[in-house]
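Please look over the sequence and the fold shown here before reading on. The briefing that follows goes through selected residues, sheets, helices and a cavity, topic by topic.

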Amino acid sequence: MIYAELGGGLGNQMFIYAFARALGLACGEPVTLLDRQDWKDGGAPAHTACALGALALDPGVAIVAEPGFAKQHLPRQNAAKALMIKYEQRRGMMAQDWNRFERRMAPLLNTLGLHFATDGYTPVRRGPARDFLCWGYFQSERYFAAAKEAIRRELRAKQPPDGPLAAQIAAARHPVCVHLRRGDYQAPENAILQVCTPAYYAAATALAARRWPGAQLFVFSDDPAWARKHLDTAGLPAVFAPRGEAAADLALMQRCQGFILSNSTYSWWAQYLADAPDKQVWAPDRWYAHTKRSDLYLPGWQRIAVQ
């Protein structure tokens, strides 16, 4: 059995699902996702409860919401995971790039039945352990490229978007999704994520206007009032979407042709699941405010320099 612990919001959980599901397909094994209920009252790593319920997940993937499941049923893997977390947290998990260290540790950890990957792409080998625990964010398409079509199918919303906003996007000649994330990114402890400034968005909308003079912007944000006040639309008409359910908003975003990303896995999935054959993606040239690297960039993206 392959187990993977959920963490973060919808975008992060989609990467965790994609990693575990692709590994299960490659190994011919079932997958169980662990919804860490014991984090809810303790304020541990940015867990916001399972957010995948509105997506068309494979029915064979189980979701277990049992406090302390890994500690009780996977004690060896859980102990190794706890040591890795403690080691990186003491030295600043977000303050430096851990990919090289995690790659060095992967062969030993995989043998023990654990794959631990917080940064970039760390190759995984299933190993001999009966049960295999996955912990991390797995933010790279390389983890699931071999199962791309299954992942794209299973991470779509069960219900296709409808209503006035969906009709507006469908009617637009060149709909461009603008994702502007603030929220937890504005907290002092998340300064490393404060990359996408108003100047970045101004440059991105100008490029969108240059590519498609008849484009229309559809702005999705966790702070719509701030977005309406501060976004430079480069003279393009803009619709500021009211904040809705995460999966429903993501389904609307996917209907666009152009994508101006924030440094967020949520908008990454919007462009990845989009079906427009001639889509264009604009993104900041850094995912983090210092030298920590990301493996999220895809061929064909236009990167915009950020300060």
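At 14% relative accessibility, F101 counts as buried, where buried means under 20% relative accessible area, exposed over 50% and partly exposed in between, with a 1.4 Å probe and protein chains only. This is a predicted model, in which local features need pLDDT of at least 70 and side-chain atom pairs count only at pLDDT 80 or more, while totals for chains, interfaces and linings use all residues. Residues are numbered from 1 along each chain as its sequence is written, and side-chain values use heavy atoms, with hydrogens and water left out.

**F101 and its surroundings**

- F101 lies in helix α4; helices (H or I, at least four residues) and strands (E, at least two) are DSSP runs, numbered from the N terminus.
- Leaving aside neighbours within four places in sequence, F101 is in contact with M84, Y87 and E88, contact meaning heavy atoms within 4.5 Å.
- From C-alpha to C-alpha, F101 and A117 are 9.7 Å apart in space, and 16 residues separate them in sequence.

**The five-stranded sheet**

- Five strands make an open sheet in the order β3-β2-β1-β5-β4, and their pairing is parallel; two strands pair if DSSP finds at least two bridges between them.
- At the edges of this sheet are β3 (62-64) and β4 (114-117), each of which pairs on one side only.
- The twist from one strand to the next averages 20°, with axes taken as lines fitted to C-alpha atoms, for helices over the stretch in contact, and angles running from 0 to 180 degrees between N-to-C directions.
- Strand β1 (residues 2-5) and strand β5 (residues 132-136) run parallel and are joined by three bridges, and the bridge partner of A4 in β5 is C134.
- Helix α1 (residues 10-27) packs on the sheet, where it touches β1, β2 (31-34), β4 and β5, and its direction makes about 175° with that of β1.
- Helix α4, which spans residues 99-112, lies across β4 and β5 and runs at about 160° to β4.

**The six-stranded sheet**

- A further open sheet is formed by six strands in the order β8-β7-β6-β9-β10-β11, with parallel pairing.
- The edges are held by β8 and β11 (302-304), each with a single partner strand, so one side of each is left without a neighbour in the sheet.
- On average, and with direction ignored, neighbouring strands of this sheet are turned by 20° against each other.
- Three bridges link strand β7 (residues 215-221) and β8 in the parallel sense, and F218 stands opposite V239 in β8.
- Helix α6 (residues 164-171) lies across β6, β7 and β8 and runs at about 145° to β7, while α9 packs on the sheet by touching β6, β7 and β9, its direction making about 165° with that of β7.

**A covered helix**

- Helix α10 (residues 265-273) is mostly covered, as nine of its nine residues are buried; among them are W268, W269 and Y272.
- The cover over the buried residues of α10 includes α1, α5, β6 (174-180), α9 (246-253), β9 (258-260) and β10 (280-284).

**Residues in loops**

- F138, in the loop between β5 and α5 (148-154), has a positive phi near 50° although this residue is not a glycine, and at 1% relative accessibility F138 counts as buried.
- A234, in the loop between α8 (224-230) and β8 (238-240), also is not a glycine and has a positive phi of about 55°, but A234 is partly exposed, with a relative accessible area of 33%.
- E189 has its place in the loop between β6 and α7 (198-211) and counts as exposed at 61% relative accessibility.
- The C-alpha atoms of E189 and D35 are separated by 25 Å, and the two residues are 154 residues apart along the chain.

**Cavities**

- Three cavities of 30 Å³ or more are found in a search of the whole structure; on a 1 Å grid over the protein atoms alone, a cavity is a set of points where a 1.4 Å probe fits but cannot get out, and lining residues have an atom within 4 Å of a point.
- The second largest cavity holds about 40 Å³ of space, a volume being the space filled by probe spheres set on the grid points, which are joined across faces, edges and corners.
- The lining of the second largest cavity consists of T118, D119, G120, Q139, Y288, R293, S294 and D295.

Conventions: On a 1 Å grid over the protein atoms alone, a cavity is a set of points where a 1.4 Å probe fits but cannot get out, and a pocket is an open set with protein on both sides within 12 Å along at least five of seven lines; lining residues have an atom within 4 Å of a point.
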